[in-house]
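Me: I would like to go through this model with you step by step, and I have a few questions to ask along the way.

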Amino acid sequence: MTEELPHWIGGTRTAGGSGRTLPIENPATGEIERHAPMANAGEVDAAVQAAARAFPAWSATPPAKRAQVMFKFREKIHQHMDEITELVSREHGKTLADARGSLMRGLEVLEFTCGIQQFLKGELSPDVATGIDLSDIRQPLGVCAGITPFNFPEMIPLWMFPMAIACGNTFVLKPSEQDPSAPLRLAELMHEAGLPEGVLNVVHGDREAVDSILDHPQIEGVSFVGSTKVAEVIRRRGTANGKRVQAFGGAKNHMVVMPDADMDQAADALLGAGYGAAGERCMAVSVAVPVGQETGDALIERLAPRVRNLKIGPYTDTEADMGPLISSAAKERVEGYVETGIQEGAEAVVDGRGLTLQGYENGHFMGGTLFDRVTTDMRIYKEEIFGPVLSVVRADTPQQALDITNGHEYGNGAAIFTSDGDTARAFANQVQYGMVGVNVPIPVPPAYHSFGGWKRSIFAEHDIYGAEAVRFYTKHKTITARWPSGIGSGAGFNFKGSS
Ligand code: NAD
């Protein structure tokens, strides 16, 4: 029997009671190492009730005191960094260095919440009329929930719950069922840091748990990150139930390479951004758009040997550039796309299928794949593959490169590599994407800015983390006050201006 993970409800480890579990694999070995309980509606309700009980006291706790818990939580994460990183790599498959880097990006959001008072302070307008003062304040929503994807099992939860909790909300996290151990550990560490019981709860589960969250009348706000297909459903069902919902979806990030770009730099950037974490990043570059046939040839000439020489291995191999895909189903899906691309007429310069690593024959490894002469009507161009597959779509002119980039339904990240400032500036202004890189392939903004795409990469009014998240996790209130000395006699029946 393998270990079965508990839920984390009301500050205690709580065994699953639905009778339904799913296996958690080590993607490098294909071995089942643990099981996760799949919560039913009753278990989700128990977590929501714990969060609802905790809300009155937590929301009344001064923001500075909430921030102190965040400081201690940060210390705890630093003390347990190796352990969390190992949990991420073991269940996700990414290299330890990459897992550490993504944990650091999550930590940056936590660090932002250590100064949450700055963002929760209100505004006061004295004398909006004679003897009348008006103040603007922001108050928490209540119980919020987060539903997160497999590809950043620690970072994306850290983009959500510290922000929500620092703003005075209580939280129920439903992490990905494929790699839920790291987020569970984070909840335990936050408890050790002094967070009162019930403020943060973790329920494992799949669609049944998600539906229970979306239908639960006591949940006020839902943050979702995952595929576009699911994001749309979450947004629709959650808002139909009267909730505030921010849902972030999939991507097909383009990188335009101009003839004046340094081709070695561009090729290196594409290698890291296309194949890092086996392409399982929402900010992975999956489409390169070289401008001009010569640029295309020069890029392919540099990319092909680099892709062939990618070092692929388990997370325990410190030399590895990338690890396996998350599951056998993911590997089958991505290899299926490679076959589709070939059938569609794309030129497979490097075909990463059929890779087997000695000693890891049951791992979900795949080599990097490089397609040239991909066209915009192909499925491998239109759909998010979410694997180590880079498509090169050749453009004749800068305008055509921009049109191709803008023509895609997703709009998360786009980049341009060029040495010309005017070209870069025009691209940055005209491209229809939420996050733009100029000679930066994966432009993930720091915690004191915000993260969010455009078009079908987002179904939300507010981006995730930073000041945008404070707006999402709080309601705005104005208080207009006067005191007896400022109140005239008699009833007032007419609207009055301030003058
Ligand atoms: P996914 O959509 O399959 O799952 C995300 C979450 O939704 C999980 O917690 C899962 O349990 C739940 N879920 C899955 N199917 C569901 C259904 N039918 N009904 C209700 N809930 C369901 O995504 P994934 O495979 O875990 O993650 C990869 C996807 O996430 C990619 O599309 C990637 O681009 C996207 N992603 C986007 C961002 C972003 O910021 N835009 C960041 C990371 C990942």
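Me: Where is Asn-439 found?
Reply: Bear in mind that this is a predicted model. Phi of Asn-439 is near 60 degrees, a positive value in a residue other than glycine. Most residues other than glycine have a negative phi. As for its place in the chain, Asn-439 is found in the loop between strand 20 and strand 21 (454-455).

Me: Is Asn-439 buried, exposed or partly exposed?
Reply: A residue is buried if 20 or more other C-beta atoms lie within 10 Å of its own, and exposed if 12 or fewer do. Asn-439 has 15 other C-beta atoms within 10 Å, and therefore Asn-439 is partly exposed.

Me: Where is Lys-455, a residue with phi near 50 degrees, found?
Reply: The phi of Lys-455 is positive, in a residue other than glycine. With 17 C-beta neighbours inside 10 Å, Lys-455 counts as partly exposed. Lys-455 is found in strand 21.

Me: Which strands stand at the edges of the open sheet of 7 strands?
Reply: The order of the strands in this sheet is 15-16-17-14-13-19-20, and the pairing is mixed.

Me: Which residue of strand 14 stands opposite Met-255?
Reply: Strand 13 (residues 253-257) and strand 14 (residues 285-290) pair in the parallel sense, over 5 bridges. In strand 14, the residue that stands opposite Met-255 is Ala-288.

Me: What angle does the direction of helix 15 make with that of strand 20?
Reply: Helix 15 (residues 421-430) packs on the sheet, where it touches strand 13, strand 19 (413-417) and strand 20. The direction of helix 15 makes an angle with that of strand 20 of about 175 degrees.

Me: How many nonpolar residues does the contact of helix 10 with helix 11 have?
Reply: Residues including Leu-270 and Leu-271 in helix 10 meet residues including Leu-299 and Leu-303 in helix 11. By class, the contact has no polar residues and 3 charged ones, while the number of nonpolar residues is 8.

Methods: Residues numbered from 1 in each chain as written. Predicted model: local features only at pLDDT ≥ 70, side-chain atom pairs only at ≥ 80, totals over all residues. Contact = placed C-beta atoms within 7 Å. Helix = DSSP H or I, 4+ residues; strand = E, 2+ residues; numbered from the N terminus. Nonpolar A, V, L, I, M, F, W, Y, C, P; charged D, E, K, R; others polar. Pairing = 2+ DSSP bridges. Axes fitted to C-alpha atoms, helices over the stretch in contact; angles between N-to-C directions.
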